[in-house]
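Here is a friendly tour of one protein chain. Take a look at the model before reading on.

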Amino acid sequence: MQSLETKGKHIDHPMKQEGTEQQKTFYDDAVNVERRNKVKAAMVHAWSSYEKYAWGFDELQPQSRSGVNNFGGLGASIIDSLDTLYIMGLDEQFQKAKGWVTDSLDFNKDVVASVFETTIRVVGGLLSAYDLAGDSIFLERAKQIADKLLPAWNTPSGIPYNAINLIHGNAHNPGWTGGASILADSGTEQVEFIALSQRTGDPKYQEKVENVIKRLQETFPDDGLLPIYINPNSGHAETYSKVTFGAMGDSFYEYLLKVWIQGNKTDAVKHYREMWERSMQGLMKLIKKSSPSSYTYITERSGSALIDKMDELACFAPGMLALGASTDDTDKSAEYLSLAEELTWTCYNFYNSTRTKLAGENYIFNEGEDMVVGTSWNIMRPETIESLMYLWRITGNETYRDWGWDIFQAFEKQTRIDSGYVGLRDVNSGEKDDMMQSFFLAETLKYLYLLFSPPSVIPLDQWVFNTEAHPIKIVPRLDSVPNLGVQQDSQQTEQVKSDQRSRHGRFETIGRIKNNILERTKHRERLLGRKEGRKLTSTDI
């Protein structure tokens, strides 16, 4: 297997400039080839440590050199790593992981699993491996676990319960939510279950998850911002709960956009884009600037009051906004992209402002103090790097790659040990924890690798990433292809493999930013790459 990259050649990236069609050229230069190889080496170290000390467990405890099951004992790190290994060309490791999925993966466990975590990690990871490698075992296993999760949607409203026993099928919500379902947990299965219906020809998965959006659409607020708790009986939002683009809210908004892209932007999915647009107008009302440095940040809302707190989790939003701008032909594109750039600068400074150069879990914004670390741990989250990858691909600005390299070097310095990678209990003191999160392999390292790869590696006009960074191939929707099923999808999968293994395949066109963006964006140079080698500073944003 070769890694999905193009060495030593330029990448033509279509972009409109000054009203004429020109080509923005990306060079796969020696610097970024070296950076990419360093990230690949980090993946080898993380994987080999997991393989040595925690094989078959969900996650590795590197300092204890032992495994732990945090997700029902479903081998989360193995499944989360499948596509990362494949994309990086780590064939020996991929084949071993595939063998474990074939021979040892067992869903018949008397355990309570999170519907959300199991969907994004396990269903998503297996579907991505299927789309990339074309091995039917991945699709079979994805269907098996999805069938185990389906009873969670058997509620009066169709809003799913968020936890389920995998053997008995008993679904419920955790007690600490007061019986409510969580917005992100209930609205972040659409990409995976729609993809499963597309590939199996069985509409039941798609019907379950699309019904959720239809129910939420019935009472969708004017500002498009839903509180984080949803009543599974009525389907209505619990208005006492907060609104946030951080924990428990985040990926609901992400999937409104991504299902529209996954659905080929057709009329059948038009309502997803419309809901997302409304939510983005609501997001604008949550935006504030710090003092004295004018960092742009996303507040949370409780009732009518804004809370000056932003999670690092919310740093997915700049990438989402940039992706939305690149798929929009209206005047809003410039607004979305400008805000994405401003927020990315803030998120980068979540990292750059601490002694360890790693971000805290969240930040408090006080008048005259800019940003102050709130919850001080760092568990190697991917959201800022995810946004850097999108911003680089869509604008071509090399500064975003430099920022990503800064963050990677901080991870190497602060979190790498002989037996894997660990998080930090405190980004100020540098005290280490004892956990290598599976999303470090699934998301953080993958997005870093893609940041330093040509845009033709997993091009954004052919793939959509689920919220665990598992790329899902964009194919026709089930309801637009009458007899779409496994046979037809196997042909599509062969095309996927052909496209990705070709060194000279189609280049992504997602970066076609319309002329109105360039005309309306104040700092045009930021869209066209660094001017005369100058990096972005806070005064540019």
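In what sense do strand β15 and strand β16 pair, and over how many bridges? Strand β15 (residues 362–366) and strand β16 (residues 370–373) pair in the antiparallel sense, over four bridges.

## Before we start

This is a predicted model, where local features need pLDDT of at least 70 and side-chain atom pairs count only at pLDDT 80 or more, while totals for chains, interfaces and linings use all residues. Residues are numbered from 1 along each chain as its sequence is written, and side-chain values use heavy atoms, with hydrogens and water left out.

A few words will keep coming back. Helices (H or I, at least four residues) and strands (E, at least two) are DSSP runs, numbered from the N terminus. Two strands pair if DSSP finds at least two bridges between them. Buried means under 20% relative accessible area, exposed means over 50%, and partly exposed is in between (1.4 Å probe, protein chains only). Contact means heavy atoms within 4.5 Å.

## The whole chain

The protein chain holds 17 helices and 20 strands. Of its 541 residues, 62% count as buried. If you take the contacts with a separation of 6 or more, 70% of them come from residues 24 or more positions apart.

Asp 370 is in strand β16. Its phi is near 55°, a positive value in a residue other than glycine. Is Asp 370 buried or exposed? Asp 370 counts as buried because its relative accessible area is 10%.

Three bridges join β5 to β6 (residues 163–165).

Now zoom in on Asn 165, found in strand β6. Asn 165 is the bridge partner of Val 112. Asn 165 is buried, with a relative accessible area of 9%. Setting aside residues up to four places away in sequence, Asn 165 touches Lys 109, Asp 110, Val 111, Val 112 and Asn 170.

## The core

Which residues have the most contacts inside the largest nonpolar core? They are Phe 138 and Phe 245, in a core of 145 residues. α4 gives the most to this core, with eleven residues. A nonpolar core is a set of buried Ala, Val, Leu, Ile, Met, Phe, Trp, Tyr and Cys residues joined through side-chain atoms within 4.5 Å.

Beyond its neighbours within four places in sequence, Phe 245 is in contact with residues including Leu 225, Tyr 253 and Met 320. Met 320 is one of the buried residues of α11. In helix α11 (residues 317–326), ten of ten residues are buried.

Most residues other than glycine have a negative phi, and most peptide bonds are trans. Look at the loop between β10 (287–289) and β11 (296–298), where Pro 292 sits. The peptide bond from Ser 291 to Pro 292 is cis, with omega near 10°. Ser 294 is in the loop between β10 and β11 too, and its phi is near 60°, a positive value.
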